[in-house]
Amino acid sequence: MSKSHYRKKDRKCIKNNIKRRPSSRNAYEKIFIVVEGHSEEKYFNTLKRHWKLHTVVVENPDCTDPINLLDKALKLLEESNPNKNTMLEPPFDEVWIVYDLEQPNNERRKLSKDAKNRAKQKSNIHFAISDPSFEFWYILHYETTTKSFTDANNVEQYLKRYWKNYTKNSEPTLEIVEKTTVAIKNAQWLRKQLESNYAEAPMTDVDQLVVKLTVFSSKNQ
């Protein structure tokens, strides 16, 4: 058998192997979510369970300061990286830090801006911020609103119109999970309203993270 025949056969074999070989990127399609409280932790763990998000890790490091949350996220990333001290890529594609601004806490707003500035050089770190509180994201599952809230307690009281027995330790209901698409649309609508009126609150970026999780969910089905 000629050498040219073997070369053709080898090329065909290599070509087939390339087609069959899974993308190395898929092995690193993971999201690391660092949250500031129990409400956020329970919510994202509920989505993990319902949507089979095997590539998502949720951590609650028991701190609420935006700077400390960023530091904790970076530390947890380093500790979880099996390839640390090498030039190989980390085990997470994206890191999301989830916290509240708690209007009108100006000091917290300053810390939030500082945290964002510190993370600018890291393209895989993102922030999902709510103002006044994470519970506003829950309200958007039921209505569109630009209502002004005085503080986090005010948001929780308003939420109880729809979720009567809500507490910080409440597990998100199946109804909440099923209304995710509604909440995303309402959050997007709200963002446009705030931009057109040059307003800052109430607001939430949680929808941007949840949209990302819906993509991961479809991959895991």
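Student: Which residue's side chain does the side chain of N60 join in a polar contact of 3.0 Å?

Tutor: The partner is E41: its side chain and that of N60 make the polar contact of 3.0 Å. Keep in mind that this is a predicted model.

Student: Where in the chain is N60, in terms of strands and helices?

Tutor: N60 sits in the loop that runs between strand 2 and helix 3.

Student: Is N60 buried or exposed?

Tutor: Buried means under 20% relative accessible area. N60 has a relative accessibility of 15%, so N60 counts as buried.

Student: What does N60 touch, leaving out residues up to four places away in sequence?

Tutor: With those left out, N60 touches V35, E36, G37, H38 and E41.

Student: V35 is on that list. Where is V35 found, and is it buried or exposed?

Tutor: V35 belongs to strand 1. Its relative accessible area is 0%, so V35 is buried. Not counting residues up to four places away in sequence, its contacts include E40, E41, F44, N60 and L69. L69 is 34 residues from V35 along the chain, yet 7.8 Å separates their C-alpha atoms.

Student: How do I read a sheet?

Tutor: The general idea is that strands of a sheet pair through backbone hydrogen bonds, and the pairing is either parallel or antiparallel. Then you read the order of the strands across the sheet. Here five strands form an open sheet, in the order 2-1-3-4-5, with mixed pairing. Strand 2 (56–59) and strand 5 (203–204) are the edge strands, and each of them pairs on one side only.

Student: In which sense do strand 4 and strand 5 pair?

Tutor: Strand 4, residues 125–131, pairs with strand 5 in the antiparallel sense, over two bridges. In this part of the sheet, D131 is opposite M203 of strand 5.

Student: Which strands does helix 2 touch?

Tutor: Helix 2, residues 38–51, packs on the sheet and touches strand 1 (31–35), strand 2 and strand 3 (94–100). The direction of helix 2 makes about 160 degrees with that of strand 2.

Student: How should I read the sides of a helix?

Tutor: An α-helix has 3.6 residues a turn, so residues three or four places apart point the same way. A list of buried residues can be read with this in mind. In helix 2 the buried residues are S39, E40, Y43, F44, T46, L47 and W51. They lie on the same side of helix 2, because they cover an arc of only 150 degrees around the axis.

Student: How many residues does helix 2 have, and how far does it reach?

Tutor: Helix 2 has 14 residues, and its first and last C-alpha atoms are 20 Å apart, close to the 20 Å expected at 1.5 Å a residue.

Student: Which residues of helix 4 are buried?

Tutor: In helix 4, the buried residues are R108, R109, L111, S112, A115 and A119. Their arc around the axis is only 160 degrees, so they are on the same side of helix 4. N106 and K113, on the other side of helix 4, are exposed.

Student: What do the buried residues of helix 4 pack against?

Tutor: They pack against helix 3 (66–80), strand 3 and strand 4.

Student: What should I look for in the backbone angles?

Tutor: Most residues other than glycine have a negative phi, and most peptide bonds are trans. You can then look for exceptions. Just after helix 2, K52 has a positive phi of about 55 degrees. D62 is not a glycine, and its phi is positive, near 60 degrees. Y198, also not a glycine, has a positive phi of about 55 degrees.

Student: Where are D62 and Y198 found?

Tutor: D62 is in the loop between strand 2 and helix 3, and Y198 is in the loop between helix 8 and strand 5. The cut-off for exposed is over 50% relative accessible area. D62 has 66% relative accessibility, so D62 counts as exposed. Y198 has 77%, so Y198 counts as exposed.

Student: Which residues does the cis peptide bond with omega near 10 degrees join?

Tutor: That bond runs from D131 to P132. P132 lies in the loop between strand 4 and helix 5 (135–139). Another cis peptide bond joins A201 and P202, with omega about 0 degrees. P202 is in the loop between helix 8 (180–197) and strand 5.

How values were computed
Residues are numbered from 1 along each chain as its sequence is written. This is a predicted model: local features need pLDDT of at least 70, side-chain atom pairs count only at pLDDT 80 or more; totals for chains, interfaces and linings use all residues. Side-chain values use heavy atoms; hydrogens and water are left out. Two strands pair if DSSP finds at least two bridges between them. Helices (H or I, at least four residues) and strands (E, at least two) are DSSP runs, numbered from the N terminus. Contact means heavy atoms within 4.5 Å. Axes are lines fitted to C-alpha atoms, for helices over the stretch in contact, and angles run from 0 to 180 degrees between N-to-C directions. Buried means under 20% relative accessible area, exposed over 50%, partly exposed in between (1.4 Å probe, protein chains only). The arc is that of the directions from the helix axis to the C-beta atoms. A polar contact is a pair of N or O atoms within 3.5 Å; within protein, one must be able to donate a hydrogen and the other to accept it, and residues adjacent in sequence count only if both atoms are side-chain atoms. The expected span of a helix is 1.5 Å times one less than its number of residues.
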